[in-house]
Amino acid sequence: MEKLKMIFALLMGLAVIVSCKQETKKQAATTDEIVQQSIKSWMENRKEEYPNYVPLDFGKLTPRYRFNSRTHSIEIALNTEKSKDNPNQNTLDSLKRLLNENSTDFLGYTITHQFTTKGIDGEVKKDEKLFFIDPQNRVITVLNSDAWDLIMDKELFFRPESPDSVK
């Protein structure tokens, strides 16, 4: 009987530990998750433009920095290190930290998003857009896939299309 009580107590303790760890994981949302949720909310708030929106896939979240001699040389070094067969993680971390040290150079992120919408005729259309996200993880600009070639590494200035486009 005493062994059963000990086993029960151990199982209860284990259950508490597991539930605490799950809560911690839920609370610590990653930047990817925050940006994806921001995009989903933005799309859902535009039901007229994107009727019956269903998210499919998100691409890689890419940070964007102001183009200057400092950021340009760091990004070249970062891409050079990434392209090696066996990149040094310490070097990559150091270069990323250098980029993040001066937050005034950080412009936001770009990310591609595939989704479907359904037209009035009931036809399901698959689409892909490129989203520009500001440092506060808000949607600033959305481009069609055919406009992607117009994006350059230079600083981009965003002007919201309407007052609610940054919500």
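N137 is found in the loop between β4 and β5, where helices (H or I, at least four residues) and strands (E, at least two) are DSSP runs numbered from the N terminus. N137 has a positive phi of about 65° although it is not a glycine. Most residues other than glycine have a negative phi, and most peptide bonds are trans. This is a predicted model, in which local features need pLDDT of at least 70, side-chain atom pairs count only at pLDDT 80 or more, and totals for chains, interfaces and linings use all residues. Residues are numbered from 1 along each chain as its sequence is written, and side-chain values use heavy atoms, with hydrogens and water left out.

- Strand β4 (residues 124-133) and strand β5 (residues 139-144) pair in the antiparallel sense over five bridges; two strands pair if DSSP finds at least two bridges between them.
- I133 stands opposite V139 in β5.
- The two strands form a hairpin with five residues between them, and N137 is in the turn.
- N137 is buried, with a relative accessible area of 18%; buried means under 20% relative accessible area, exposed over 50%, and partly exposed in between (1.4 Å probe, protein chains only).

**Salt bridges**

- The count of salt bridges comes to four, a salt bridge being a side-chain nitrogen of Lys or Arg within 4 Å of a carboxyl oxygen of Asp or Glu.
- R138 forms a salt bridge with D134, and the closest N and O atoms are 2.7 Å apart.
- In that pair, R138 is partly exposed at 33% relative accessibility, whereas D134 is buried at 6%.
- D127 and K129 form another salt bridge, with 3.7 Å between the closest N and O atoms.
- D127 counts as partly exposed at 30% relative accessibility, and K129 is buried with a relative accessible area of 9%.
- The side chains of R70 and D105 also meet in a salt bridge, at 3.3 Å from N to O.
- R70 lies in helix α3 (residues 69-83) and D105 in the loop between α4 (89-101) and β3 (106-118), so this pair ties together parts that are 35 residues apart in sequence.
- R70 is partly exposed, with a relative accessible area of 28%, while D105 is buried at 5% relative accessibility.

**Helix α4**

- The 13 residues of α4 should span 18 Å at 1.5 Å a residue, and the end C-alpha atoms are 18 Å apart, which agrees; the expected span of a helix is 1.5 Å times one less than its number of residues.
- L92, L95 and L99 are buried in α4.
- Seen down the axis of α4, the buried residues fall within an arc of 70°, so they line one face of the helix; the arc is that of the directions from the helix axis to the C-beta atoms.
- An α-helix has 3.6 residues a turn, so residues three or four places apart point the same way.
- The face of α4 turned away from its buried side carries the exposed residues N90 and E101.
- The cover over the buried residues of α4 includes β2 (62-65) and α3.
- At the start of α4, a side-chain oxygen of N88 reaches to within 2.8 Å of the backbone nitrogen of N90.

- N52 is found in the loop between α2 (31-44) and β1.
- Phi of N52 is near 55°, a positive value in a residue other than glycine.
- N52 counts as exposed, at 52% relative accessibility.
- P55 is found in strand β1 (residues 54-58) and is partly exposed, with a relative accessible area of 30%.
- Leaving aside its neighbours within four places in sequence, P55 is in contact with K40, H113, Q114 and F115; contact means heavy atoms within 4.5 Å.
- P55 and T116 are 61 residues apart in sequence, but their C-alpha atoms are 6.6 Å apart in space.

**Overall architecture**

- The protein has four helices and five strands.
- Along the sequence, these elements follow the pattern α-α-β-β-α-α-β-β-β.
- Of the 167 residues of the protein, 26% count as buried.
- Among contacts in the protein with a separation of 6 or more, residues 24 or more positions apart account for 60%.

Terms used. A polar contact is a pair of N or O atoms within 3.5 Å; within protein, one must be able to donate a hydrogen and the other to accept it, and residues adjacent in sequence count only if both atoms are side-chain atoms.
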